[in-house]
Amino acid sequence: MATRRADADQFVVDFPALFIAVDWIERHCRIPDGFRAGRPFEMYPWQAWCTLNHYRVRQDAEWIPDDPLMGTAFYYRRSQIIAPQKTGKGPWSATGVALEAVGPALFAGWAGRDDGWVCEDQGCGCGWEYAYRPGEAMGMRWPTPLIQITAFAEDQTDNIYRPLKSMVRLGPLSDLLRVGEQFTRIIGTEEGRIDVVTSSAQARLGNPVTYVAQDETGIWTAQNKMIGVADTQRRGLAGMQGRGQETTNAFDPTQKSQAQLTYQAKAKDIFKFHRPPPKHLKYEVKANRRKIHEFVYRGSTHVRIESIDAEAQELIDKGDLAQAERFFGNRMAAGAGVWMDIEAWKARKAPREVPDGTAIVLGFDGSDVDDWTAIRAETEDGYQFTPTYGLAGLKVPTIWDPAKWGGQVPRLEVGAAVKELMTRFVIVRMYLDPPYWTTEADAWSAEYGEKKVIRWATARPLQMQAAAERLHTDVTKAESAWSHDGCTTTEAHVEATHKLPRPGGRYVLTKPEDGRKIDASITSIICHEAAGDVTAAKLWPAKTRRRVVVRG
Ligand SMILES: [Zn+2]
């Protein structure tokens, strides 16, 4: 059966909706950037379709002047839009935020003859008027809009907030909104505002809200606490009869993301928009891939398919076909699998004291501002642990999260820890991943011996895979006696470690897309590698003989 390229004509709006919403947006919002910046934002058919569905009014919605229906006047309680990268989700979401802030976003009854919207009455100096047809659903502004633009990380909130700021700068919205870096004030309201929030804004997340734009929910997981954020925001919306909207790329079905939960939710009052490509087209086949891109980007006329092909190819060349298929092919492709069965890892937990003076090896993976820095240690009999350091009996684990140290790994602190470990234990070998730490690596080599402190670059795929396999085997094989201390950070990082498949059955270890860290897991691998190499080279020092004093 031939699949025809569907076109805009499939969008038949045969239900009541705030049609004024689309017209208001096209009148007040601007193309935020590029050569056409500043021109009116004309919605693509798929965008208008999503807007009209979100503002679909219930047939039986009643107008009660003293106590108007808010969210409950609408057919859908929330919406989810799944569309490929660069289709224009961010700017479109920004138009929704603008509408909820200062446009006709609430149901205001059914129009009679001569009913209309007059911008001048709404504090807007653009001079626009809109005449309703009799019987059409009318719109009105929220009295006090409380809006949150939400994403996992600060820079991701820019997907929506940056185009919004441009739109305000370039058009009549500047009469109505005063934009700041962190929030936007809604002029003419007492407390109306648009906030930009991430999971770190715990206090504000519990606030009552009238509208929430949640971006990239495909990487909102329980592990990165964003599922909790989504739950909290939905409670905040429910309290105000507000409504929310999710935008995302196609999600990875192994991640149990917020996007996946919404997509699979049985509730009838969620509008879902996703146009997957025809099933028979294979993303790994280049000629098919072009057809897939033409299909999923139809209607987004600013997109050049050649550049999408090129970007997808680049990701595929890096070994991430699944991510390319999700980002650009609009399909829920399963990504990299987990590296370690976390239950097997947990089963190896057997904490014990390692007395000072014990011969051990160390693994060190150093970072700078974003990733964590960690040191793990292992004994000759295969017990791995996170050592502690600190003066005056303080026991500080040797894992440093830069966020807890003012945004940067505390190098002096790390240096002090290494120094203490070198004196307290018999360090047989230390493997150290050099990036960011070459100066320290050289200094430690010079001080403690170049046969002891050895650079071990984790960026070498073959060696790294072999080391990962070595630890994996010793964790999973029944006859292995290997054990560890149950360090919770290491466990979390091991759980987050994913395998990115490479040609020829090879793989590289990688972070999951939800932003979790894996540094302590990498450290664990190179530490175990050091232990294995020392054992193979018979370098463990001879055990000190226990002196038996015979009294007699
Ligand atoms: Zn206006």
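Which residue in E9 is the bridge partner of Gln-148? The partner is Asp-195.

## Basis of the model

The structure is a predicted model, in which local features need pLDDT of at least 70 and side-chain atom pairs count only at pLDDT 80 or more, while totals for chains, interfaces and linings use all residues. Residues are numbered from 1 along each chain as its sequence is written, and side-chain values use heavy atoms, with hydrogens and water left out.

## The sheet

Helices (H or I, at least four residues) and strands (E, at least two) are DSSP runs numbered from the N terminus. Two strands pair if DSSP finds at least two bridges between them. Eight strands form an open sheet with mixed pairing, in the order E7-E8-E9-E6-E10-E11-E1-E12. Its edge strands, each pairing on one side only, are E7 (177-179) and E12 (270-274). Strand E6 (residues 146-150) pairs with strand E9 (residues 193-197) in the parallel sense, over five bridges.

## Helices on the sheet

Contact means heavy atoms within 4.5 Å. Axes are lines fitted to C-alpha atoms, for helices over the stretch in contact, and angles run from 0 to 180 degrees between N-to-C directions. Helix H3 (residues 89-102) lies across E1, E6, E7, strand E8 (183-186), E9, E10 and E11, and runs at about 170 degrees to E11.

## The pair H14 and H16

Helix H14 (residues 461-476) packs against helix H16 (residues 519-536) at an angle of about 85 degrees, with their axes 9 Å apart. The two helices are therefore roughly perpendicular to each other (a term for angles of 65 to 115 degrees). Among the residues making the contact are Met-464 and Leu-471 of H14 and Ile-522 and His-528 of H16.

## A buried threonine

Thr-217 is found in the loop between E10 and helix H6 (226-240). Thr-217 is buried (under 20% relative accessible area, with a 1.4 Å probe and protein chains only), at a relative accessible area of 0%. Leaving aside residues up to four places away in sequence, Thr-217 touches Glu-246, Thr-247, Thr-248, Ser-257, Gln-258 and Ala-259.

## Cysteines

A disulfide is a covalent bond between the sulfur atoms of two cysteines. With a disulfide taken as a pair of cysteine sulfur atoms within 2.5 Å, the count comes to zero. The sulfur of Cys-527 lies 12 Å from the closest cysteine sulfur, in Cys-487, which is too far for a bond. Cys-527 is buried, with a relative accessible area of 0%. Cys-119 is also buried, with a relative accessible area of 1%.

Technical notes: Buried means under 20% relative accessible area, exposed over 50%, partly exposed in between (1.4 Å probe, protein chains only). Angles under 35 degrees count as roughly parallel, over 145 as roughly antiparallel, 65 to 115 as roughly perpendicular and the rest as oblique.
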